[in-house]
Amino acid sequence: MLYREAGQFKSSYAEDGRIFPIRQDRIGFALLMLAFGVVVPLLANEYWLKAILTPVLIFSLAAIGLNILTGYAGQLSLGSAAFMAVGAFAAYNFILRVDGMPFLLALALAGLAAALVGVLFGLPSLRIKGFYLAVATLAAQFFIVWVLVKFPWFSNHSSSGVVTAQEVRILGYAFVSPEAKYVLTFAVVAVLALAAKNLVRSATGRAWMAVRDMDVAAQVIGFRLMRTKLLAFAVSSFYCGVAGALYAYTYIGTVEPEGFNLDLSFKILFMIIIGGVGSILGAFLGAAFIVLLPILLDNLVPALFGDALGAGFASNLQLIIFGGLIIFFLIVEPHGLARLWQIAKEKLRLWPFPH
Amino acid sequence: MQFFIEVLIGGLLSGVMYALVALGFVLIYKASGVFNFAQGAMVFFAALSFVGFQEVLPARFGMEAGSAAVFWLSFLLAFATMVVLGIATERIVLRPLVNQPPITLFMATIGLTYVVEGLAQMAWGANVRGLDLGIVDEPIAWLMDDYGIGVSKFDLFAAGAAASLVALLAALFQYTKVGRALRAVADDHQAALSIGIPLQTIWRVVWAVAGFVALVAGMIWGARNGVQFALTFTALKALPVLILGGFTSVPGAIVGGLIIGASEKLAEVYVGPLVGGGIEGWFPYMLALAFLLVRPEGLFGERHIDRV
């Protein structure tokens, strides 16, 4: 009843091209931003901010990055965690080695460093396609982590290879409390997500989708394949790099190269598959799902079965449930949670009528 | 020179072990177009089941421990377990996902990996177990004495097992009715369906055969390094082999395995010290990547032709 677009007319191109053409959506979205940007940091406790909300935002950013590459440009990548590692270690070194480096600039430079590496590993995509490319991106995953471990310069000759992120300071204000870190993450992610949303709606985004649907055909009608594919790799790695830097600075604080392993890459891939391939909203939904599911299982399995099973059994059961749920989701809704949301919205528009 | 040959032979023989795992991937990819990431977990599950049955049979049913009967019965039971797993996978995972894009199927097999890993450890426990095939891992004496080249008996046995497995598979594909159907399905699903080949039965057969390959690979790897969770990583070792040889080619898996195994060991020995070692982890991938730039479909893969 409330969700109607009757009476809302578009009288200019600017209005026609809005992200949310329906007024109710705009109000809802503004409320959502207000809730997560202002109310949540005021009300939520430390555990929620530190262990759930901040990582969800950071992983959403990484998932947006992978979604741009895989969902929009159609290049399957299994190396996103490595690009996060590049971002994290680049930010660390920029702040360490350049005096008075502003944090946000370091963040941007970290993204650019990751983008550079991404373009390098994106070069094979011009010749290799499909699963061959996916396996080829594994080369990036293993090689980058090896470089970061092998050359102690990257971790400032720390004996264990673990680096501790410096204090985040912007305009003299130190972001130490979980609330401050959350707000900073939220702001960065919101800006970059908006940029991504607009990018995929632009000519660039359409070029990516054309390449995804069939690269030969796209080339025939005049898209420059090399430019389009490498741009996708660059932008995607930029997002992953910034996510990696945030991961180090606003989430866990101490990072080591091995933390950015294949498992993390798979996790990010799961996020976009569960959330919805080729959807910015999907990246957020998927990240929330993948971060929350293990926590939920952690609490639910002992509650349901008691401690009688033992820790080993419980952790195996969690593995099975996690894997099973992923298969279940793929079977029930292969287009992800974003598609479910879309269906819900369409139903809502017509409610209470069926058609 | 002797050292070089020794490293080369050692590499080639370890390449055979990679090829064994890669074979399982190729079988499933050929017949159903599924890139089965769970192959590594299946290797783990198969080896663990085999060792598990070997422990359970003497303990519960009073059979003589270490006897041939226990060995073969365990082998059959483990094989049966893999067949059941394969059929269940086909029924529960693949059938509802027919006609989905390959990436969805790939993701489903990653989910399957978690399930199989969890199941395996839940059923048999997470302890590292030894596996004895009765072949000692020592150099062949006369080669060592006469030429000074150390070639492990065990590696030769593994190579022999791989060779006979490939021969067996080739015979199955070439000379049996099921094999003909398998090839038809690999060629074109719809055409195969339309002339009355039961697609689902074929898929079940393929998964069962892949389970068998996983069992053999798991036993050999397990005898080498112990049956432990690290077996699941054999899948990662097999991936560069796969792209080097081509996803759709059985000989490709073998040749790719040999190339990867040999070059990996040679690189570790001769290039490794220059850059600080530990390059075995990524070298195969870089090699495969460089190779793909020249031949994007692998050595023996089907050439991909785009039609607009």
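The legends below describe close-up views of a predicted model.

Residues are numbered from 1 along each chain as its sequence is written, while chains are lettered from A and ligands numbered from 1 in the order in which they are written. Because the model is predicted, local features need pLDDT of at least 70 and side-chain atom pairs count only at pLDDT 80 or more, whereas totals for chains, interfaces and linings use all residues; side-chain values use heavy atoms, with hydrogens and water left out.

**View 1. Helix 3 and helix 7 of chain A pack against each other.**
Helix 3 (residues 46–72) and helix 7 (residues 178–200) of chain A pack at an angle of about 20 degrees, with their axes 10 Å apart; helices (H or I, at least four residues) and strands (E, at least two) are DSSP runs, numbered from the N terminus. Axes are lines fitted to C-alpha atoms, for helices over the stretch in contact, and angles run from 0 to 180 degrees between N-to-C directions. The two helices of chain A are therefore roughly parallel to each other, a term for angles under 35 degrees. Residues of helix 3 of chain A, including Leu53(A), Leu57(A) and Leu61(A), meet residues of helix 7 of chain A, among them Tyr182(A), Phe186(A) and Val189(A), where contact means heavy atoms within 4.5 Å. By class, this contact has 16 nonpolar, two polar and three charged residues; Ala, Val, Leu, Ile, Met, Phe, Trp, Tyr, Cys and Pro count as nonpolar, Asp, Glu, Lys and Arg as charged, and the others, Gly among them, as polar.

**View 2. Helix 6 of chain B and its buried residues.**
At 1.5 Å a residue, the 23 residues of helix 6 (residues 153–175) of chain B should span 33 Å, and the 32 Å between its end C-alpha atoms agrees with this; the expected span is 1.5 Å times one less than the number of residues. Among the buried residues of this helix of chain B are Phe154(B), Leu165(B), Leu169(B) and Phe173(B), buried meaning under 20% relative accessible area, exposed over 50%, and partly exposed in between (1.4 Å probe, protein chains only). The buried residues of helix 6 pack against helix 1 (2–32), helix 7 (177–187), helix 9 (199–225) and helix 11 (250–270) of chain B.

Lys229(A), found in helix 10 (residues 225–252) of chain A, counts as buried at 2% relative accessibility. Glu280(B) is placed in the loop between helix 12 (272–275) and helix 13 (283–294) of chain B and, at 26% relative accessibility, counts as partly exposed.

**View 3. Backbone details of chain A at Asn156(A), Leu171(A) and Pro352(A).**
Most residues other than glycine have a negative phi, and most peptide bonds are trans. Phi of Asn156(A) is positive, near 55 degrees, and this residue is found in the loop between helix 6 (130–150) and strand 1 (163–164) of chain A. Leu171(A) has a positive phi of about 50 degrees, lies in the loop between strand 2 (168–170) and strand 3 (173–175) of chain A, and counts as exposed at 86% relative accessibility. A cis peptide bond, with omega about 10 degrees, joins Trp351(A) and Pro352(A), and Pro352(A) is placed in the segment after helix 14 (336–350) of chain A.

How values were computed. Parallel < 35°, antiparallel > 145°, perpendicular 65-115°, else oblique.
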